Amino acid sequence: MTEPQTRPCVLDQNSDIRQVLDLIADKWTALIILGLSRDTKRYSELHREIGGVSQKMLTQTLRSLENSGLIQRKVYPVVPPMVEYSLTPLGKTLVPPLKTLCDWASEHLQEVKANRTKAIDEKMKLDEVAL
């Protein structure tokens with residue numbers, strides 16, 4: 001009789017699941033997946049839509065997502081070259097949890113901002129006392 005397989009512990013640094021979490025928890029991955037959730041896009045469209053991402057980082061992240069099977073890259077044989085990116089069925093499964101995270105961020109934005117401001121103010125007061 002075989003024992004039931006246990007789920008890998010995400011807290012274990014040697015767990016393979018950590019590699020997957022590293023990929024999907026990356027801020028650029030989340031933004032790319034959400035950007036492609038609406039439709040197929042060309043590289044330049046993604047770069048314009050995702051504010052603050054460098055060309056190098058966008059290229060690296062797209063390559064990693066493609067290698068992981070979350071997006072597909074289609075190259076058209078035209079001059080100049082045309083490349084489009086879209087979500088694979090696996091990539092589409094990430095959209096609902098990412099939208100849930102975005103909803104949470106939106107709901108708690110003001111609270112998080114207030115806490116950050118409070119922490120900065122308290123640190124400044126401590127710094128003044130130390131002087």
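**Sheet, helix packing and a salt-bridge network**

In this predicted model, strand 2 and strand 3 (residues 82–87) pair in the antiparallel sense, and six bridges hold the pairing. The two strands form a hairpin, with five residues between them. Individual partners can be read off along this pair. Ile71 has Leu87 in strand 3 as its bridge partner. Arg73 is partnered by Tyr85, again in strand 3.

Strand 3 also pairs with strand 1. These two strands run antiparallel and are joined by two bridges. Here Arg42 stands opposite Glu84 of strand 3. Taken together, three strands make up an open sheet in the order 1-3-2, with antiparallel pairing. Strand 1 and strand 2 (71–76) are the edge strands, and each of them pairs on one side only. In a regular strand, side chains alternate between the two faces of the sheet.

Setting aside residues up to four places away in sequence, Ser86 touches Leu36, Thr40, Leu70, Ile71 and Gln72. One of these contacts, Ile71, is the bridge partner of Leu87.

Ser37 is placed in the loop between helix 2 and strand 1. Ser37 counts as partly exposed, at 25% relative accessibility. Its contacts, not counting residues up to four places away in sequence, are Leu87, Val95 and Lys99. Gln60 is 23 residues from Ser37 along the chain, and the C-alpha atoms of the two are separated by 19 Å.

The helices come next. Two packed helices are described by the angle between their axes and the distance between the axes. For helix 2 and helix 4 (residues 55–67), the axes come within 10 Å and cross at roughly 75°. Angles of 65 to 115 degrees count as roughly perpendicular, so helix 2 is roughly perpendicular to helix 4. From helix 2, the residues in the contact are Trp28, Thr29, Ile32 and Ile33. They meet Met57, Leu58, Thr61, Leu62 and Leu65 of helix 4. By class, this contact has seven nonpolar residues, two polar residues and no charged ones.

Side chains of opposite charge can pair when their charged atoms come close. The count of salt bridges comes to three. One of them links Arg38 and Glu49, whose closest N and O atoms are 3.0 Å apart. Arg38 lies in the loop between helix 2 (27–36) and strand 1 (41–42), while Glu49 belongs to helix 3 (residues 43–49), so the pair ties together parts that are eleven residues apart in sequence. Arg38 counts as exposed, at 58% relative accessibility. Glu49 is partly exposed, with a relative accessible area of 38%.

Lys41 takes part in the other bridges. Its side chain meets that of Asp39 in a salt bridge, at 3.2 Å from N to O. Lys41 also forms a salt bridge with Glu49, at 3.4 Å from N to O. The cut-off for a salt bridge is 4 Å, so the contact of Lys41 with Glu49 qualifies. Lys41 is buried, with a relative accessible area of 6%. Asp39 is partly exposed, at 43% relative accessibility. Through shared partners, the salt bridges join Arg38, Asp39, Lys41 and Glu49 into one network.

Notes:
Residues numbered from 1 in each chain as written. Predicted model: local features only at pLDDT ≥ 70, side-chain atom pairs only at ≥ 80, totals over all residues. Heavy atoms only, no water. Helix = DSSP H or I, 4+ residues; strand = E, 2+ residues; numbered from the N terminus. Buried < 20%, exposed > 50% of the residue type's maximum accessible area, 1.4 Å probe, protein only. Axes fitted to C-alpha atoms, helices over the stretch in contact; angles between N-to-C directions. Parallel < 35°, antiparallel > 145°, perpendicular 65-115°, else oblique. Contact = heavy atoms within 4.5 Å. Nonpolar A, V, L, I, M, F, W, Y, C, P; charged D, E, K, R; others polar. Pairing = 2+ DSSP bridges.
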